[in-house]
Amino acid sequence: MSAPGRPKRERPRSALARRVVASAPGRTERIAKWLVSGPPLVYLLVFFAIPGLIMVLASFRPPGEFGGLAPLLDPSGGLDLNLESYARFFEDTLYAQIFLKSVVFALATTL
């Protein structure tokens, strides 16, 4: 026991213990940053990035027999991806007219 008024002597720490104690503030800050930014990041990935990628993949798939999309794999087991939808979009003027009307309405509601 130390006498009153005298500082208490600490036991010497090992090199590993000193390293862990020294890195704790930085580690705590990193964990805090991930706890703050992690949930919004997961939300954006789940509800925006992944559905966006699904839509890009779907745009390369052919239409199904009764609407919708055809299976991703063809009967031989290969991927059934093509550019038919894009070719049809740029060939037919109806799609360009509809696209331009959509852009006009979007601009009108934004401004």
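The protein has three helices and zero strands. Helices (H or I, at least four residues) and strands (E, at least two) are DSSP runs, numbered from the N terminus. From the N terminus on, the order of elements is α-α-α. The model is predicted: local features need pLDDT of at least 70, side-chain atom pairs count only at pLDDT 80 or more, and totals for chains, interfaces and linings use all residues. Residues are numbered from 1 along each chain as its sequence is written, and side-chain values use heavy atoms, with hydrogens and water left out.

Of the 111 residues, 7% count as buried. Here buried means under 20% relative accessible area, exposed means over 50%, and partly exposed lies in between (1.4 Å probe, protein chains only).

Helix 1 covers residues 15–59 and includes Phe47. Phe47 also belongs to a nonpolar surface patch of about 1200 Å². Patches are made of residues with over 30% relative accessible area and no salt bridge; like charges are joined within 9 Å, and nonpolar side chains (Val, Leu, Ile, Met, Phe, Trp, Tyr) within 5 Å. A salt bridge is a side-chain nitrogen of Lys or Arg within 4 Å of a carboxyl oxygen of Asp or Glu. Accessible areas come from the Shrake-Rupley method with a 1.4 Å probe, and for residues only the protein chains shown count as cover.

Ser59 also lies in helix 1. Ser59 counts as buried because its relative accessible area is 17%. The Ser59 side chain reaches the backbone oxygen of Val56 at 2.6 Å. It also makes a polar contact, at 2.7 Å, with the side chain of Tyr86. A polar contact is a pair of N or O atoms within 3.5 Å; within protein, one must be able to donate a hydrogen and the other to accept it, and residues adjacent in sequence count only if both atoms are side-chain atoms.

Tyr86 sits in helix 2. With a relative accessible area of 34%, Tyr86 is partly exposed. Tyr86 and Phe60 are 26 residues apart along the chain, yet their C-alpha atoms are separated by 8.2 Å. Ser85 is likewise found in helix 2. Ser85 is partly exposed, at 25% relative accessible area. Its C-alpha lies 10.0 Å from that of Ala58, 27 residues away in sequence.

Pro71 is placed in the loop between helix 1 and helix 2 (84–91). A relative accessibility of 59% makes Pro71 exposed. Pro71 and Arg61 are 10 residues apart in sequence, and 8.2 Å separates them in space, C-alpha to C-alpha.

Helix 3 spans residues 93–110, 18 residues in total. From first C-alpha to last, helix 3 reaches 26 Å, close to the 26 Å expected at 1.5 Å a residue. The expected span is 1.5 Å times one less than the number of residues. Asp92 caps the N-terminal end of helix 3, with a side-chain oxygen 3.3 Å from the backbone nitrogen of Leu94.

Aromatic rings were then paired. Rings of Phe, Tyr and Trp (its six-membered ring) pair if their centres lie within 6.5 Å; planes under 30 degrees apart count as stacked, over 60 as edge-to-face and the rest as tilted. The count comes to six aromatic pairs. One of them, Phe89 with Tyr95, is tilted, at 6.4 Å centre to centre and 40 degrees between the planes. Phe89 is partly exposed at 30% relative accessibility, and Tyr95 is partly exposed at 33%. Phe89, Phe90, Tyr95 and Phe99 form one aromatic cluster.
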